[in-house]
Amino acid sequence: QIDKKDRTLLVTDRLSKQLYLIEVPESVTLKITFGRYMRLAAPEFEDVRTGERIEIRCIRIDKEHLARIEDGRTATKITASR
């Protein structure tokens with residue numbers, strides 16, 4: 001899921017199946033590895049679409065924060081770093 005207003009992505013890690021709620025600050029870059037804009041050299045947050053694969057670096061602080069999503073699931077809340 002993508003929330004363009006709050007600049008957040010709800011992402012499932014393919015390997016661990018862990019659910020993450022990622023806050024994406026304005027200055028952060030990401031890479032779309034599979035999807036409509038995967039050939040863009042520097043895609044913007046607005047270029048990400050649901051169902052695409054992305055690569056993004058995140059900071060994990062000592063205390064993990066859990067977020068409860070509207071459908072009742074919980075996700076680890078992290079912040080994108082670059």
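The score here is pLDDT, the predictor's confidence in each residue, running from 0 to 100. Strands are DSSP runs of E with at least two residues, helices are runs of H or I with at least four, and the numbering goes from the N terminus. Over the protein, pLDDT averages 84, and 93% of the residues score at least 70.

Quick housekeeping. Residues count from 1 along each chain as its sequence is written, and side-chain values use heavy atoms, leaving out hydrogens and water. This is a predicted model, so local features need pLDDT of at least 70 and side-chain atom pairs count only at pLDDT 80 or more, while totals for chains, interfaces and linings use all residues.

On to the fold. What does the element count look like? We have 0 helices and 8 strands, so the order from the N terminus is simply β-β-β-β-β-β-β-β. The radius of gyration is 12 Å, close to the 12 Å from the globule rule for 82 residues, so the protein is as compact as a globular protein of that length. That radius is taken over C-alpha atoms, and the rule is 2.2 Å times the number of residues to the power 0.38. Along the principal axes, the C-alpha trace spans about 35 × 25 × 25 Å.

Now burial and surface. Of the 82 residues, 29% count as buried; that means under 20% relative accessible area, with exposed being over 50% and partly exposed in between (1.4 Å probe, protein chains only). The protein exposes about 6300 Å², and carbon and sulfur atoms supply 47% of that. Those areas are Shrake-Rupley with a 1.4 Å probe, and for residues only the protein chains shown count as cover.

Contacts next, meaning heavy atoms within 4.5 Å. Among those between residues at least 6 apart in sequence, 44% join residues at least 24 apart.

Let's walk through some residues. Thr-8 sits in strand 2 (residues 8–12) and is buried, at 14% relative accessible area. What does Thr-8 touch, not counting residues up to four places away in sequence? The list is Gln-1, Ile-2, Asp-3, Leu-21, Ile-22, Glu-23 and Phe-45.

Arg-7, in the loop between strand 1 (2–3) and strand 2, has a positive phi of about 55° without being a glycine. Lys-17, in the loop between strand 2 and strand 3, is also not a glycine and has phi near 65°. Buried or exposed? Arg-7 counts as buried, at 13% relative accessibility, whereas Lys-17 is exposed, at 62%.

Moving along, Thr-29 is in the loop between strand 3 (19–23) and strand 4. Thr-29 is partly exposed, with a relative accessible area of 48%.

Last one: Arg-36, in the loop between strand 4 and strand 5 (53–55). Arg-36 is exposed, with 63% relative accessible area. Leaving aside residues up to four places away in sequence, Arg-36 touches Arg-49 and Glu-52. For Arg-36 and Glu-52, 16 residues apart along the chain, the C-alpha separation is 7.8 Å.
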